[in-house]
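Hello,

Here is the structure I promised to send over. Have a look at it first, and then read my notes on the side-chain contacts below.

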Number of protein chains: 2
Amino acid sequence: MADIPARTEMKVTTGPIRGSRKIHVASPNDPSVRVAMREIVLEPSCGEPPLRVYDCSGPYTDDNARIDIMAGLPELRADWIRGRGDVEEYDAREQKPEDNGLKGPDRSAGVAPFPNVRKRPLRAKAGANVSQMHYARQGIITAEMEYVAIRENVGRAKLREAAIRDGEDFGAEIPDYVTPEFVREEVARGRAIIPNNINHPESEPMAIGRNFLVKINANIGNSAVASDVANEVDKMVWSIRWGADTVMDLSTGRNIHDTREWIIRNSPVPIGTVPIYQALEKVDGIAENLTWEIFRDTLIEQAEQGVDYFTIHAGVRLAYIPMTAKRVTGIVSRGGSIMAKWCLSHHKESFLYDHFEDICEIMKAYDIAFSLGDGLRPGSIADANDEAQFSELATLGELTQIAWKHDVQVMIEGPGHVPMHKIKQNMEKQLKACGEAPFYTLGPLTTDIAPGYDHITSAIGAAMIGWFGTAMLCYVTPKEHLGLPDRDDVKVGVVTYKLAAHAADLAKGHPAAKLRDDALSRARFEFRWRDQFHLSLDPDTAEKYHDQTLPAEGAKTAHFCSMCGPKFCSMKITQEVRDFAATQNQPSSSFLAAQPVASEDAEAGMAKMSETFREKGGEIYLPAE
Amino acid sequence: MADIPARTEMKVTTGPIRGSRKIHVASPNDPSVRVAMREIVLEPSCGEPPLRVYDCSGPYTDDNARIDIMAGLPELRADWIRGRGDVEEYDAREQKPEDNGLKGPDRSAGVAPFPNVRKRPLRAKAGANVSQMHYARQGIITAEMEYVAIRENVGRAKLREAAIRDGEDFGAEIPDYVTPEFVREEVARGRAIIPNNINHPESEPMAIGRNFLVKINANIGNSAVASDVANEVDKMVWSIRWGADTVMDLSTGRNIHDTREWIIRNSPVPIGTVPIYQALEKVDGIAENLTWEIFRDTLIEQAEQGVDYFTIHAGVRLAYIPMTAKRVTGIVSRGGSIMAKWCLSHHKESFLYDHFEDICEIMKAYDIAFSLGDGLRPGSIADANDEAQFSELATLGELTQIAWKHDVQVMIEGPGHVPMHKIKQNMEKQLKACGEAPFYTLGPLTTDIAPGYDHITSAIGAAMIGWFGTAMLCYVTPKEHLGLPDRDDVKVGVVTYKLAAHAADLAKGHPAAKLRDDALSRARFEFRWRDQFHLSLDPDTAEKYHDQTLPAEGAKTAHFCSMCGPKFCSMKITQEVRDFAATQNQPSSSFLAAQPVASEDAEAGMAKMSETFREKGGEIYLPAE
């Protein structure tokens, strides 16, 4: 099929993010490790160096990179993977017609297969285990860990000597500085994962764990009634441009295998899937016809393509299903409901649960991480924190221990719909039940009454649970509950979750998280409009909004904006106050520093200051002009 | 001037909110009290009664109301106000040219004066105090309190016998049922306010207090560089349509008096202002030229028009100003910076602080509530919870006691920009310093790095601080920091804050808050798409988003959506699971009820259930089809 030409409409967005440039920071320990970062260049007038920020966008934002969707991305990790000497090439599983849905691929939708499919994937040699966790437990610091350490340290180097820690981390152990050894330790004890299938050498290593920066995931994918492959590849590139740390391809319907191939070959971030979706397509949507053999074959199929983590709903046990009967919204997880139907139909535990160790064997042969699915997550405020949910969580904890016995990486999926006062309990129970394996939550949504705004109802819950310790937040778009997200929705979802994750990092006290806030606030205070735009999560929207009322080029250097106009600007008045104070013989800042004012006893301090004012008064402050 | 015809383009949005109708609930105690509510009508198939919800939208959404912007709204409270026998008419202050800005009104912008200005406003008779707090402290339950009680009780009546309390209220005292006497008590002790100037008889009474539903405010208003009067009236009506409980007119520039008149005469919600803005216009923007006399005259001018609450930055004391010099963003409150400049220029305490009791005398003659402004609120994450902020808060606490001495209603404004881990401290300090006077916060924004998305960065903080006890949340629109909000921004800001306030109500455990979530979740589960739209905060957007992928009329009754398509729908599968269980001789729900499974001990319970399954197995669950 490789000779079928791919459609030429396969277009993605490339070029630097406004005001930024791509840089690569080389490891001092390993010259093959060159970590991609983004540098935001500031106006020369401010005298500040460019601000480096974490960057998920891959080569697409690199002016010097040549992008060829037909060829896929360069294989950044190929030498590292092969260099460890524990993998072998083999003949790939033969592709079957039903891999693209029982009716086979639908070429009418303009879907050609990826032209450059590897026929000889990699797997662990017999008896070997190629998971990062296995290496970590052997005391080996991999190039991937080295990469992660440098990546997570953005901004921390210069703070190393004088890290200011201001946050509440609820018992996390966030280091001032991330060393490769720290990464290894976190992966070894299961508190972080580095999801990167050996058949996805295009990926830039990243870590998901409570002691690293909070990550976000964007879901994309076809459904049976909408979308096509070109759109999904475009959405993947678009979502990482704005900050998605991982992407899940949740495609269903036809063309499912081909879609995934296109996405993985062009993705610099880990790709997750829910293999049961594809397995269900292979049995024409009849859940009870699913078998372990079909599921296993699907895992191998996706493992060879390079999927980095699998959502596996092995925690949906037969005994828990009746617990959902009285719920307002029953079972809302697609995977959960499929497995529930299977369990009830066959009246036995699912093949996912029964074959969990068999699945572990596959995972460690490719280094695929588990994302243990919460098939019984609450789908409404009414169902939050109920017996079904927490019973499943306890099982996920047991499965975590089994996976860890195999040195297989694990994260745990979490809810869902949870009112604010019940969020913390989710985190506490997860930490306890799952031995601090990374938590990966969908929101949670803090109310059910705002369809169309569920990116916001869930950003509230996401920021909070991220603060409490969740390692990765799965985005929710404005279309949640209503339809399939389009390109604009994907961007809004990603930016919303990026700000929620950042709010969590700030509150946790990540040492360098505040650097960007401070840089932006300084720019704001000094009316460096362009710097303010460029430092923001979405420079294009910030500039567009500004220009809607003040489009003139001069307004971008003006010391006011359309909200207050020139005379009313408080920033401007403050600057005048400051300048005024500075022209006097005792500057206000040293004046301030000289005052022994306890914030808890403002009244007394105030009296003292007033006295000083009266003493020195006329000399310090005179009417302006 | 009354003969100048108003421009005919003064248009506002009228008509019921999609799927709803306006109703009026009469008080059993006082037939003159007829409380406006909204009823969401559900599909007959569901067998559920219409859901009543709190309604701020006034007569504009009443199909039976005749709207005439030129005439203003009916005077709902006129008889109540006059009936108390403590007010007198008098000749209004003579209007001055500078009331519309030093250069006078700008008629070119299409601004005619409101054609129906009252020349004889009301004030308290000599020696009288017409504040709701004063009545409350005399043991009088006013019609306004009666109105508030019925309004706050939406949904609670039927729960009265069996109120399910599920929340964490951090020491608030939220009653199962709100009686008029409870409202009186809360107002008497200063824990709630009912802002309603006797010269704004068009307003529908509402309460702001920790033990009532969390309220939201929308800011509108001209600036010197943008907008016009017709737009602002339209924005006011538009903002209350979507749920703004109060509206602040923050106009600056020219036409400021006329704009306010148009807004108040047509507003069913309390209107707040920051009188210093207008006073500053009268001295051509030169802060140091402000005087008590000009300010006092402005207060009287606005009191006669009917402003319901005044933001007064009396807490900006001379001694606190140098505390801001080392801040990243100095003073960001417009009012705060104006007063700071004045204090420094004159080197003395502000006339607001010095004349605070004189201001109280005005407030009680019209029943205007204080909104004590936080002129030194932090404008960046870096400046949160600092000495300047908390010193001012302590002063606001002292001023609260002075206002209460005069039986004048008070609320306290709060920040601003605060990272999540520092939000709770704000609430705790405010409750303590200000004797539980209602807190009214702007967000707070939980990160500085997302201009264009600050409705979301702040919704996170707003939901949290609302949960902790803040009584009213001042909205932030997507244009914050970038430009003046347009109509679309106003709606997004209002809906975002409405959902944040509701998330707070849920978490606090307001008895009936969850009714709407549950009704919507049931509609969602049962594929009643139209009910799902109608029950949402923004039915228009919900339906629009749904229709973007499935526009066909039939899709609104389809048992699936575009996200998953028909076969993959987990809701559908769950229903099948339920139906399947129901067809067996022992339904799953009674099966569940019969199981003694402790959620804390899921493992043991599971084992027990599995055993029961094995015993009864084949009979209960058989393969479907």
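Does B:Phe351 count as buried or exposed, and at what relative accessibility? B:Phe351 counts as buried, at 4% relative accessibility. Here buried means under 20% relative accessible area, exposed means over 50%, and partly exposed is in between, with a 1.4 Å probe and protein chains only.

Before the rest, a word on how to read this. It is a predicted model, so to speak of local features pLDDT must be at least 70, side-chain atom pairs count only at pLDDT 80 or more, and totals for chains, interfaces and linings use all residues. Residues are numbered from 1 along each chain as its sequence is written, chains are lettered from A and ligands numbered from 1 in the order in which they are written, and side-chain values use heavy atoms, with hydrogens and water left out.

Aromatic rings

Over all chains there are 26 aromatic pairs, meaning rings of Phe, Tyr and Trp (its six-membered ring) with centres within 6.5 Å; planes under 30 degrees apart are stacked, over 60 edge-to-face and the rest tilted. One of them joins B:Phe295 and B:Phe351, whose ring centres are 5.7 Å apart and whose planes meet at 50°, so this pair is tilted. B:Phe295 belongs to helix H8 (residues 292–305) of chain B and B:Phe351 to helix H10 (residues 351–354) of chain B, so the pair links parts of the chain 56 residues apart; helices (H or I, at least four residues) and strands (E, at least two) are DSSP runs, numbered from the N terminus. B:Phe295 is buried too, with a relative accessible area of 1%. In chain A, one aromatic cluster is formed by A:Trp292, A:Phe295, A:Trp342 and A:Phe351.

Two lysines are worth a look here. The charged end of A:Lys429 sits over the ring of A:Phe390, 4.9 Å from its centre, and that of A:Lys479 sits over the ring of B:Tyr545, 5.2 Å from its centre. The test asks for NZ of Lys or CZ of Arg within 6 Å of the ring centre and within 35 degrees of the ring normal.

Salt bridges

The whole structure has 102 salt bridges over all chains, each a side-chain nitrogen of Lys or Arg within 4 Å of a carboxyl oxygen of Asp or Glu. A:Lys479 is buried at 2% relative accessibility, whereas A:Asp486 is partly exposed at 31%.

A:Glu301 and A:Lys282 meet at 2.6 Å, N to O. A:Glu301 is in helix H8 (residues 292–305) of chain A and A:Lys282 in helix H7 (residues 275–282) of chain A, so the pair ties together parts 19 residues apart in sequence. A:Glu301 is buried at 2%, and A:Lys282 is buried at 9%. Both belong to a salt-bridge network that also links A:Arg93, A:Lys96, A:Asp99, A:Arg260 and A:Asp297.

In chain B, B:Glu144 and B:Arg77 form a salt bridge at 2.8 Å, and both residues are buried.

Cysteines

There are 0 disulfides over all chains, a disulfide being a pair of cysteine sulfur atoms within 2.5 Å. For A:Cys360, the nearest cysteine sulfur is that of A:Cys434, 14 Å away, which is too far for a bond. A:Cys360 is buried, with a relative accessible area of 0%, and A:Cys434 is buried at 0% as well.

Best wishes
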